Amino acid sequence: MSAYLKLDHIGKTFTRGSASTEVLRDIRLTIDKGEYVSIIGHSGCGKSTLLNLVAGLTQVSQGAVLLENQEVNSPGPDRAVVFQNHSLLPWLTVYENVNLAVSKVFAGRKTKAERHDWIMENLTLVQMAHATDKRPSEISGGMKQRVGIARALAMEPKILLLDEPFGALDALTRAHLQDQMMEIHARLGNTIIMITHDVDEAVLLSDRIVMMTNGPAATIGEVLDVPLERPRNRIALASDRTYLKCREAVLKFLYERHRFVEAAE
Amino acid sequence: MSLPATKSDVVVAGPFKPRPATVVPLAAQPRRFDLRGLAVKVAQSVLPPIVVLAILLGLWQIAFSDPNSSLPPPSEVWAQSRDLIVSPFFENGDQDIGLGWRVLVSLERVAYGFGLAAIVGVLVGALIGQSIWAMRGLDPIFQVLRTVPPLAWLPLSLAAFLDSRPSAIFVIFITSIWPVIINTAVGIRNIPQDYRNVALVLRLNHVEYFFKIMVPAAAPYIFSGLKIGVGLSWLAIVAAEMLTGGVGIGFFIWDAWNSSRLTDIIVALVYIGLVGFMLDKLVSFLGALVTRGTSSN
Ligand SMILES: Nc1ncnc2c1ncn2[C@@H]1O[C@H](COP(=O)(O)OP(=O)(O)OP(=O)(O)O)[C@@H](O)[C@H]1O
Ligand SMILES: [Mg+2]
């Protein structure tokens with residue numbers, strides 16, 4: 001059986017002049033269609049770098065990224081990214097931001113009316129249909145992040161890449177958006193890779209959690225299966241044995257075996 | 001700094017806060033207060049310049065009222081150049097026309113020269129801004145060319161075009177293009193990587209990237225360049241017209257000087273100042289309109 005997405009012995013070394021830093025080494029991972037995979041690791045270990053490699057925004061130094069057995073090395077709408085800081089275009093309204101993606105990706109494939117319906121469908125999915133004419137500066141951080149997700153979903157990507165999508169939000173908003181993300185995943189069955197710092201978020205949302213060792217030359221330390229039934233409910237899970245076990249495994253990995261070392265040179 | 005401000009806010013706001021016990025009188029009060037506040041605001045911005053202007057005119061009148069003085073006082077300007085002041089758009093023949101017409105002729109040249117400078121400047125700036133090496137190589141050269149005074153370009157321009165009209169337009173073009181190029185390039189360099197990434201993921205082509213990402217993202221910079229450029233254009237046209245002739249406002253000054261009509265020159269100066277001021281405000285207004293929302297994130 002061939003995987004949907006395959007990270008085949010990936011390494012990444014940044015070189016500037018004569019100085020070079022090996023950030024990632026020998027990353028091997030296969031992801032199936034419809035899987036929700038989280039990547040967790042300490043700050044600076046190379047999570048964003050790994051995501052950018054999959055997105056094609058950064059070139060791999062060794063190995064290859066294979067999507068449906070095709071090597072990908074340039075960015076494209078089949079791997080939509082929700083960036084760490086929403087990155088909506090501030091001069092466009094909410095609607096126009098999504099429209100920029102839709103009119104580009106579906107040019108010639110959908111009529112104008114169909115495109116409009118598609119934009120509204122995606123904004124409705126993230127519950128932002130009421131704010132179509134607002135500019136990013138006029139909506140809250142959580143709303144911006146939702147529009148960013150709508151923009152990414154509207155590209156109908158093969159893989160959705162989320163870089164700490166809820167990182168900058170308060171706990172309540174974050175919980176709300178996590179629930180929405182689970183709902184969207186259940187409804188559309190997207191393949192998702194999500195970077196996170198948050199152990200509970202990783203366990204709650206993922207089918208598998210990829211734990212990364214500390215840099216430099218970070219690699220995958222362990223992959224944990226989360227055998228929890230879907231749909232998942234955060235309150236019911238709070239005292240669930242499997243949930244707590246998974247949570248403990250991740251915490252142990254992060255804080256016992258791969259403790260964050262300040263200035264690990 | 002913020003502490004005293006908050007304190008005084010509280011003190012000022014206190015008496016006008018509606019209290020539930022006194023609903024009826026207070027319902028009307030805020031509006032009356034607002035009207036008065038508006039009147040005060042208008043008076044605050046309009047009155048001082050009028051007063052200062054009156055004082056300056058008075059001083060000028062006193063200083064030059066002596067019949068042997070070298071320059072005319074305001075009363076004489078009014079007496080001799082009244083037609084120029086009160087009717088900008090009269091037409092009594094080929095060279096005897098209102099200053100409004102002359103300003104329009106000059107503005108037309110500015111429109112050609114500056115319009116061209118704006119288009120070429122943004123395009124060249126966008127090209128340069130995308131390459132670090134182009135920026136490093138060309139920026140010092142532009143910084144030098146930028147300081148060349150408008151009139152210094154005129155002889156070359158006349159030699160190249162052999163005609164005064166395109167020469168004047170070229171002088172405006174070459175004077176006003178540098179700040180547009182430099183500011184656009186800096187604006188393009190400052191486009192956040194995030195916006196570039198969005199364009200990359202969407203696979204925008206060069207034309208789409210230019211219109212949908214680059215121009216709007218750099219618009220605040222572009223407009224500050226245009227604002228400097230339009231001011232320089234207006235400086236250049238008046239100077240260029242003095243030498244190239246025609247019916248523009250610059251040549252009018254030169255002509256008035258040659259026939260010793262000092263009062264006409266003074267009126268023309270006021271026209272030039274007011275038009276320059278309005279050009280500046282016009283570009284600022286357009287900039288504010290276009291960059292709505294861009295600078296705030
Ligand atoms: N363009 C680059 N050139 C050189 N080094 C880089 C570059 N991008 C990232 N790095 C280095 O790679 C390492 C990993 O960075 P990355 O942004 O991937 O970390 P991260 O795991 O996403 O951290 P965080 O959780 O704080 O977002 C860092 O040490 C960083 O300095
Ligand atoms: Mg990161």
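Q: What makes α8(B) count as bent, and where?

A: The bend at a residue is the angle between axes fitted to the seven residues ending there and the seven starting there. At Ile177(B) that angle is about 35°, and Pro179(B), a proline, follows within four residues. This is a predicted model, with local features needing pLDDT of at least 70, side-chain atom pairs counting only at pLDDT 80 or more, and totals for chains, interfaces and linings using all residues. Residues are numbered from 1 along each chain as its sequence is written, chains are lettered from A and ligands numbered from 1 in the order in which they are written, and side-chain values use heavy atoms, with hydrogens and water left out.

Q: Why is α8(B) called largely enclosed?

A: Buried means under 20% relative accessible area (1.4 Å probe, protein chains only). In α8(B), 20 of the 26 residues are buried, so the rest of the structure largely encloses this helix.

Q: What makes the contact between Ser43(A) and ligand 1 a polar one?

A: A polar contact is a pair of N or O atoms within 3.5 Å. A polar side-chain atom of Ser43(A) sits 2.6 Å from a ligand 1 oxygen, so the pair qualifies. Lys47(A) also brings a polar side-chain atom, 2.8 Å from an oxygen of ligand 1, while Gly44(A) uses a polar backbone atom, at 2.8 Å.

Q: Which helix gives the most to the shell around ligand 1?

A: Helix α1 (residues 47-55) of chain A, with three residues.

Key:
Helix = DSSP H or I, 4+ residues; strand = E, 2+ residues; numbered from the N terminus. Buried < 20%, exposed > 50% of the residue type's maximum accessible area, 1.4 Å probe, protein only. Polar contact = N/O pair within 3.5 Å; in protein donor to acceptor, adjacent residues only side chain to side chain.
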